[in-house]
Amino acid sequence: MAFKKAVKGTILAGGGALATILGLSQFAHYRRKQMSLAYVQAAECVSEPVNKDPPSREAQILTLKNTSEFDVLVIGGGATGCGCALDAVTRGLKTALVERDDFSSGTSSRSTKLIHGGVRYLQKAIMKFDVEQYRMVKEALHERANLLEIAPHLSAPLPIMLPVYKWWQLPYYWVGIKLYDLVAGSNCLKSSYILSKSRALEHFPMLQKDRLVGAIVYYDGQHNDARMNLAIALTAARYGAATANYMEVLSLLKKKDPKTGKERVSGARCRDVLTGQEFDVRAKCVINATGPFTDAVRQMDDKEAATICQPSAGVHIVMPGYYSPESMGLLDPATSDGRVIFFLPWQKMTIAGTTDTPTDITHHPIPSEEDINFILNEVRNYLSHDVEVRRGDVLAAWSGIRPLVTDPKSANTQSISRNHVVDISESGLITIAGGKWTTYRSMAEDTINAAVKAHNLKAGPSRTVGLFLQGGRDWSPTLYIRLVQDYGLESEVAQHLASTYGDKAFEVAKMASVTGKRWPIVGVRLVSEFPYIEAEVKYGIKEYACTAVDMISRRTRLAFLNVQAAEEALPRIVELMGRELNWNESKKQEELETAKKFLYYEMGYKSRSEQLTDNSEISLLPSDIDRYKKRFHKFDTDQKGFITTVDVQRALESINIQMDENTLHEILNEVDLNKNGQVELNEFLQLMSAIQKGRVSGSRLAILLKTAEENLERRVPIPVDRSCGGL
């Protein structure tokens, strides 16, 4: 009954308040107008940031060393940890934050990139009359609206289509999605709507049309998760929090409480991972916000502490942008094994996921081939037969560890909490665990409320509702035009800078190198097909980037978008970082190798490269084998039995294409399985077989040889008798 009353009250209060919104073009204006009085009051309570720009990492470490005691020390630089630091510092508490790796290096950068309330949780709440789940959805929808408001440059509403293939499902899903709108109330982004079969195919032409009845479209938010996490960390630093990445906690410090005689957590022994230097950071309150590593910190406090984290691996893959419309996502609500799969446009690519499988806790989760193929198979079920879903089109893949938790205070310790859990140990260590990206701010608020109460800290209520994150305050949808006009940047690059750095984009533009071309005037790209420019490397160091991995995965998102493009950009990135950070040749080589290893194992390069190996089978029809043999021998003019860079160069010159020797070696190396500097016939047939089966795509050698062959055939001399023998 309580759930029914709550829903009824929400329907009366919400009433489809935003059903009159006409389109996304008006949303930026709407976001500024729809701020509630609570938002305004919260924002006005916070003074201006104490720093115009975040202090350098060196300055932050000095603060950590030289401060006798902080009010709050947060361990963990993910979304929740940085959210705790921002919440604490804006209440006037002396705040520190340490992170063993980089900000957002774990789960917070490996999400589905959605800011959502949780459609499936609402379905469960309705089916089971579960008030807890209903409240969780309502809280998440409020936080969704707030996050879109405070970081408009990094987030935006996204329409998501739910295709319907059975008539009876149409009213069933429609009621559920409408309730989702109504529970959001005044925070509804835009009213959901039904599409006929023909209209659904207009919006999503790649969709499987057989048996399609229609579709329902609803709205959630989408964001750049790693950049959002970084924006929270940078905002906390600007408000005065001492934040440091690559700062590992070795042990917790304790002292006796004079009143009770019990030991209380009083700080942490830290080690600078980059220099090896160790020192103590003392604090009245220590907060454990380490996600999957929650239990490791809890057991630093108490070796007998029961484990509460139940890690689950969520794998995502990235495919070319042509697999989905530019501004419409897809939800598969019932996959072959009951999981929910999203298929979403992101950064002009297509992201698909996720899986949900038990896993071990590790700093370096690796996407498995089994999970990648599971996602591909589900995608095939929803896309038209005209679209060949190829394994070779997986440009990147990653695994994130979802830190599901059980409440240590719950009677049923085996029951996984659907919400976040704030736990206070006997020694005063505060642990925040569970939850999800969208609710990071409310999780942080609950955590600092608990800290203030448990440790008698002098602080008022939370002030982070409506508080703009770095880059958001003066951003506008047309800001990129000023970047084009004032600095001579390409429009695509300007749009990227504006949507990544917000009102700080001008600082990046000022650092941009002159191209030496008529247009663009400035902005040398790191790789041709992505809008990332060299100036971002220099600016990334100001944003606490310390390694090449930081730069390719979190300051830019290259590693998450295309592992081969990231590898191509690496040498230049390392060169630029080395110049700024005074790296010697040995350090540069170390950074290069570490980054390549990261791409190989954690970003799916290993799975991609294993699609073509020495053991790859040749499954071709006899007619295909004959055809490919003829193509091979056409370029092996000396009948050596193999193709070298000289042969490829000769073929390209015949069609007036020039290519430098290094690039030619790279092209051959992709196919040269035994790495002897040449491509044998068997290797070429293995390549063509893998391409035909969809395991490999975008092979430069195969495409270049095919193009050269077609051009050569067109240039066959016309016989004299056909030209009438005259001039």
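1. In this note a residue is called buried when its relative accessible area is under 20%, and exposed when that area is over 50%. The model discussed here is a predicted one.

2. With those terms in hand, helix H23, which covers residues 622-635, can be read face by face. The side of H23 turned away from its buried residues carries the exposed residues Pro622 and Lys630, whereas the buried residues of this helix are Asp624, Tyr628, Arg631, Phe632 and Phe635. Viewed down the axis of H23, these buried residues fall within an arc of 100°, and they therefore line one face of the helix. An α-helix has 3.6 residues a turn, so residues three or four places apart point the same way. In length, the 14 residues of H23 reach 21 Å from the first C-alpha to the last, close to the 20 Å expected at 1.5 Å a residue.

3. Helix H10 (residues 225-238) also deserves a comment on burial, since it is mostly covered, with 14 of its 14 residues buried. From its first C-alpha to its last, H10 reaches 20 Å, close to the 20 Å expected for its 14 residues. The helix is followed by glycine 240, whose phi is positive, near 115°.

4. A further point concerns the packing of helix H7 (residues 131-150) on helix H8 (residues 169-184), whose axes come within 9 Å and cross at roughly 65°. That angle makes H7 roughly perpendicular to H8, and H7 passes H8 in a right-handed crossing. On the H7 side, Tyr134, Val137, Lys138, Leu141 and Arg144 take part in the contact, meeting Tyr180, Val183 and Ala184 of H8.

Key. Residues are numbered from 1 along each chain as its sequence is written. This is a predicted model: local features need pLDDT of at least 70, side-chain atom pairs count only at pLDDT 80 or more; totals for chains, interfaces and linings use all residues. Side-chain values use heavy atoms; hydrogens and water are left out. Helices (H or I, at least four residues) and strands (E, at least two) are DSSP runs, numbered from the N terminus. The expected span of a helix is 1.5 Å times one less than its number of residues. Buried means under 20% relative accessible area, exposed over 50%, partly exposed in between (1.4 Å probe, protein chains only). The arc is that of the directions from the helix axis to the C-beta atoms. Axes are lines fitted to C-alpha atoms, for helices over the stretch in contact, and angles run from 0 to 180 degrees between N-to-C directions. Angles under 35 degrees count as roughly parallel, over 145 as roughly antiparallel, 65 to 115 as roughly perpendicular and the rest as oblique. A crossing is left-handed if the near helix is turned anticlockwise from the far one by less than a right angle, and right-handed if clockwise. Contact means heavy atoms within 4.5 Å.
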